[in-house]
Amino acid sequence: MSDALHLTVNGERLAVSAAPSTPLLYVLRNDLCLNGPKFGCGLGECGACMVLVDGRAARSCVLPVGTLTEHEITTLEGLGDGDRLDPVQDAFIEEQGAQCGYCLNGMIMTVRGLLNADPAPTREAVIAALDHTLCRCGTHQEILAAACRAAGLAPSASQGEKE
Amino acid sequence: MNPISDAQAPDTDNDALRYGVVIRPPVYRLDARAFVCSQLLHVDREALAGEGVTVVTDGNFVGVVAASHEAARRAAARLPLRWSTPDRDHKGARPAVTDARLRRDYQWPGRLAWGAEPDWVIADFIDGGLRLAGPVANTERLRGELACLLESDPQRIHIDGDAEAGLGRQGSDDAAADAALLARALGRPVAVRLDPDPYARDAEALARARRLRVSGTADGDDFRVDDDLGYVSVPPLALWLTGRLTDNLLRDPDAAALQFTFVQESFLDEVAAALGEDPVALRLRHIKDPRGRQLLKSVADQAAWDTPAEDDGRADLVRGRGVAYSHRPSESGDAGSGTRSAWIADVEVNTVTGGVRLSRLVAGQDAGADGPLRPLLDASPLRDTLERKLLGLPSTPPPADQWAAPADRKLPAWRPSTPPAHRDAPGTPALSEGVDLSPAVAVVANALYDATGVRFRSPPFSPARVRAALEERARPGKRRWWWAGALAVTGLLATLWPFRPSIAPVARPAANLYSAETIERGRLVAEAGDCAVCHTAEGGTVNLGGRPFETPFGTLYSTNLTPDPDTGIGNWSFAAFERAMREGIGRDGRHLYPAFPYTDFAKISDADMQALYAYLMAQPAVAAPAPQNDLRFPFNIRSMMAGWNLLFHDPSPFKPDPTRSAQWNRGAYLFEGAGHCGACHTPRNLFGAEKGGDARLSGALVDGWEAPALTAASRSPAGWTEQSLFEYLRTGRSEAHGVAGGPMAPVVAGLAELPEDDVRAIAHYVATQMDAPLSDPAQSERAAAVVAASRAEPVGQEAGQRVFEGACAACHENGTATFTSAKQALALNTNLHSQRPDNVIQSILGGVHAEGVAGAGEMPAFAHSLSDRQIVDLVQYLRARFAPGETPWKEVGKTVADLRREHDQQ
């Protein structure tokens, strides 16, 4: 039997019924129907489940909900404001930074977390931030270009050969 | 939520605020005839030069002011001072006793109370005026004293505090004067904390301020004060130390009346007890004044003196009732005038905690020709004052088993200073206005005697003093040596005799047999002792038992600790419970195995043992038979333990070390007693007994985990300090070490329930076992160097490196810090520097899931996603990269396979 826990998700205070040790990802997807974060490895290795906790990137499959009652959780659904996308999302569309798209939640949320902490990161910082967010399709160049565009850097290390 | 209330972080935005710590002379005390004090000969200010610390001296007053409390405390400890040795005491010689009169000696301490929370005093000195905030009473007396100390005008001294009834002086008065002197020297606001050192020491130094001897005939007629030595009111210590005390500060007629009534009424109560006469009847016989007799009769009627207080049957409470009467003559000295007071008080004394509550107070007053007859006063504010001032002073040193309430260490609300306003009128004396407090102390002393049979001949009646007195009374008289010898031999035989009698079962005590205070104290003992950790099966109900313990002798199961009469301890009397805890004998006479650490629990004090029993008996009873133990022959013969106990069990109670501080002794008591830390951290010999000597606390393997060494042999690369031990024990995490995992996690979760000072005491005690310093500025540099050295990838570990990159690096490689990044560097983790890989392998297989431990974080288990081969590669890689100076571990594969078995079962 589990008691109600109170979580703040995308600005809303919600009561969920879950054991405190339940991973946040399960509650988001199964109880709150927020399917932006994906289940990948379940061990914090791939980053597909990335959310923001207090504005910082967090792997939600390894976070027990019971520890998060005092924190602000943001999922991919909470990034834009309904009519307008987050600039990071715009950049990924602009650069077509996806193949199958399964990892995109992790990529976008990771970049958002990075920009929250450092609004003007270097290209090296962007690469380091995405280092352990995995893509199995091999779309790394497009993803990196999108991330750099979002960060206000030249989208590609090579000369801009767009269009 | 931050469980550490940090004294360094002021709850104020006043940047000008500084923190003061005073240093008292090595010898100082108020004897009945003189203030004895070492003289300050030399201060080496140069020793603290360039540290941003100000040293303030004034006569024998020494203080250190710094930007934080911690910095001031550290500087004060290091300041080189030279003091003279004071002259021998001027012992007041008592007059020779020549007649057969009854004589009793009483004492009145210079400090009666401690001061309310928050326990900080802040002083600011501006333009010759002083402003004070904190638990300081705004009394005309204190303002006069501070004015004398600062050579200022009393009208320019402003105290943010209530005017208080003048029962007696409190420790915060000393802190206020200290803060005032420091603030004047600095020219900015200074905060001083009411720490036991020096303010409880001050109270002790002033404890013999006044001594009174009363004598009378056996029937109490013709009694008089024979001998009256000392000081009625003792001004703040700073006045004595600076030599600025003047005679007129020592006069206090109100205090004199209070003290006189205390000795007179206590004495008459003693006479009544000796004669077997009713105390009210005896007084009525004595009081010649008709109005006084009338008042006492009326108060006794109102209080229903002859009807005893209702007893609700709590086993740990005793109740009593006392009476006190005073007649304070008016200034005219006219016999028919003056103020008569009659008070009757009921007290409840908790015999376990020593706590005293004033359950009822009836007070009446007749001011005769000078004022109205008030047969009944509003007694509730009086009761509050009495409880605060008489019943709460901490003693020095406190007993090692004292459980403190969590202290509120927050600074009082403080805004940047404005010059204190001139005040024409002194603060209104809110409580004492029109109420003569003279009988206040006597009435409580007499009620305490009625309740306990112990005569307190000096206030205050703090829990520690009350308990000590009760214990003293319970102790049997001194034995003759041969009798003691015979007992020792009998004791030895009793220990050796393998068959012990059962203790008759009792009906389960009612859950409300003990008072809430006792049960709460017992809860803390249970948390300190982690009873529930061993007595709860994995995922099972708390304290229901059934958790298996693999030992070299076979498997043991913990038993049901709930008060169920058939399967738990419901029909255990306290005697049976205590015998189990101290001697390892069950109620039915069977020997218990020392996996249950009665070897440590023997050190638990009587009071804590009672409280623990009270707590366990107040829990819900659940039936649950314990699984059958699975021990190999001959270890399944329980009576064998008689010989084991003789060889390895020391049932003697905990003895505080008088050469050590109260904090050290408190830490030792918790660590060695209820905490039973050695049960895991000390290796055991072939017989399963803890080893002694150098092996003590040198680390051991328990339940598949390594309990690391708590001695100088600790393998922590950055080194422990008292501060980092405290952080680890309080939050489950230390920046320079790691997090609490495995069986240590529930220990930290239990400690979270304890007052902060207790966890500090344990950290202090462990630090002395490790020879660790209080803090170490070089620690963070050393830690940074260790972390920097681990950046290089080791050669020949590519297989392990690949596992690390895939499974661990997302959190453990500190590229970009995310919310889920590990907060501790692996390079600083003691486990990676240990001689054994067990804890590293356990953490990988099972992860870190420390419920109830705020700082530990969460790591997933990899038992089901990494193969043995991968884990071996990973472990070797971790060792090579993060502990490059250590030799590679051997037989990692075998250890992985062994440890995996228990994870596979889950």
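Trainee: Let's start with chain A. What share of its contacts with a separation of 6 or more comes from residues 24 or more positions apart?

Mentor: In this predicted model, such pairs account for 58% of the contacts in chain A with a separation of 6 or more. For chain B, 74% of contacts between residues at least 6 apart join residues at least 24 apart.

Trainee: And how many residues of chain A are buried, as a percentage?

Mentor: Buried residues make up 45% of its 163 residues. In chain B, 48% of the 906 residues count as buried.

Trainee: Which radius of gyration does chain A have, and what would a compact globule have?

Mentor: A compact globule with 163 residues would have a radius of gyration near 15 Å, and chain A has 16 Å, so the two agree. Along the principal axes, the C-alpha atoms of chain A fill a box of roughly 60 × 30 × 25 Å.

Trainee: What is chain A built from, going from the N terminus?

Mentor: Chain A has five helices and five strands. Read from the N terminus on, the order is β-β-α-β-β-β-α-α-α-α.

Trainee: Where are the domains of chain A?

Mentor: Domain 1 of chain A covers 4–78 and domain 2 covers 87–150. Their C-alpha centres lie 20 Å apart. To see how the two meet, look at the contacts: 13 residues of domain 1 of chain A are in contact with 14 residues of domain 2 of chain A.

Trainee: Which strand gives the most to the domain 1 side?

Mentor: Strand 3 of chain A does, with three residues. Strand 3 (50–53) and strand 4 (56–59) of chain A each supply at least two residues there. By class, that side of domain 1 of chain A has eight nonpolar, three polar and two charged residues.

Trainee: What does chain B itself look like in terms of helices, strands and domains?

Mentor: Chain B comes to 29 helices and 27 strands. Its domains are domain 1 (1–98 + 110–208 + 237–244), domain 2 (260–398 + 437–472), domain 3 (483–648) and domain 4 (662–904). The C-alpha centres of domain 1 and domain 4 of chain B lie 43 Å apart.

Trainee: How do I read a nonpolar core?

Mentor: In soluble globular proteins, nonpolar side chains tend to be buried together. Here the largest nonpolar core has 122 residues, and B:Val121, B:Ala123, B:Ala179, B:Ala180, B:Val444 and B:Leu448 have the most contacts inside it. This core draws at least three residues from each of domain 1 and domain 2 of chain B. A second, separate core has 78 residues, including B:Ala614, B:Ala668, B:Val748 and B:Val848.

Trainee: Which residues does B:Ala180 contact, leaving aside its neighbours within four places in sequence?

Mentor: Among them are B:Ala123, B:Phe125, B:Leu130 and B:Leu132.

Trainee: And how about strand pairing?

Mentor: Strands of a sheet pair through backbone hydrogen bonds, either parallel or antiparallel. In chain B, an open sheet of four strands has the order 15-16-17-18, with antiparallel pairing.

Trainee: Why is one side of strand 15 and of strand 18 of chain B left without a neighbour in that sheet?

Mentor: Strand 15 (317–328) and strand 18 (373–374) of chain B stand at the edges, so each has a single partner strand. For strand 15 of chain B, 12 bridges join it to strand 16 (residues 339–350) of chain B. One pairing to look up is B:His327 with B:Arg340 in strand 16 of chain B.

Trainee: Is strand 6 of chain B mostly covered or exposed?

Mentor: Covered: six of its six residues (61–66) are buried. On one side sit B:Phe61, B:Gly63 and B:Val65, on the other B:Val62, B:Val64 and B:Ala66. Strand 1 (residues 18–23) of chain B pairs with strand 6 of chain B in the antiparallel sense over five bridges, and B:Ile23 has B:Val62 as its bridge partner. Strand 5 (residues 54–58) of chain B also pairs antiparallel with strand 6 of chain B over five bridges. In their hairpin, which has two residues between the strands, B:Gly59 takes a positive phi near 65°.

Definitions and conventions:
Residues are numbered from 1 along each chain as its sequence is written. Chains are lettered from A and ligands numbered from 1 in the order in which they are written. This is a predicted model: local features need pLDDT of at least 70, side-chain atom pairs count only at pLDDT 80 or more; totals for chains, interfaces and linings use all residues. A residue is buried if 20 or more other C-beta atoms lie within 10 Å of its own, exposed if 12 or fewer, and partly exposed in between; C-beta atoms are placed from the backbone. Two residues are in contact if their C-beta atoms, placed from the backbone, lie within 7 Å. Domain bounds come from an automatic or database domain assignment. Ala, Val, Leu, Ile, Met, Phe, Trp, Tyr, Cys and Pro count as nonpolar, Asp, Glu, Lys and Arg as charged, and the others, Gly among them, as polar. A nonpolar core is a set of buried Ala, Val, Leu, Ile, Met, Phe, Trp, Tyr and Cys residues joined through C-beta atoms within 7 Å. Two strands pair if DSSP finds at least two bridges between them. The radius of gyration is taken over C-alpha atoms; the globule rule is 2.2 Å times the number of residues to the power 0.38.
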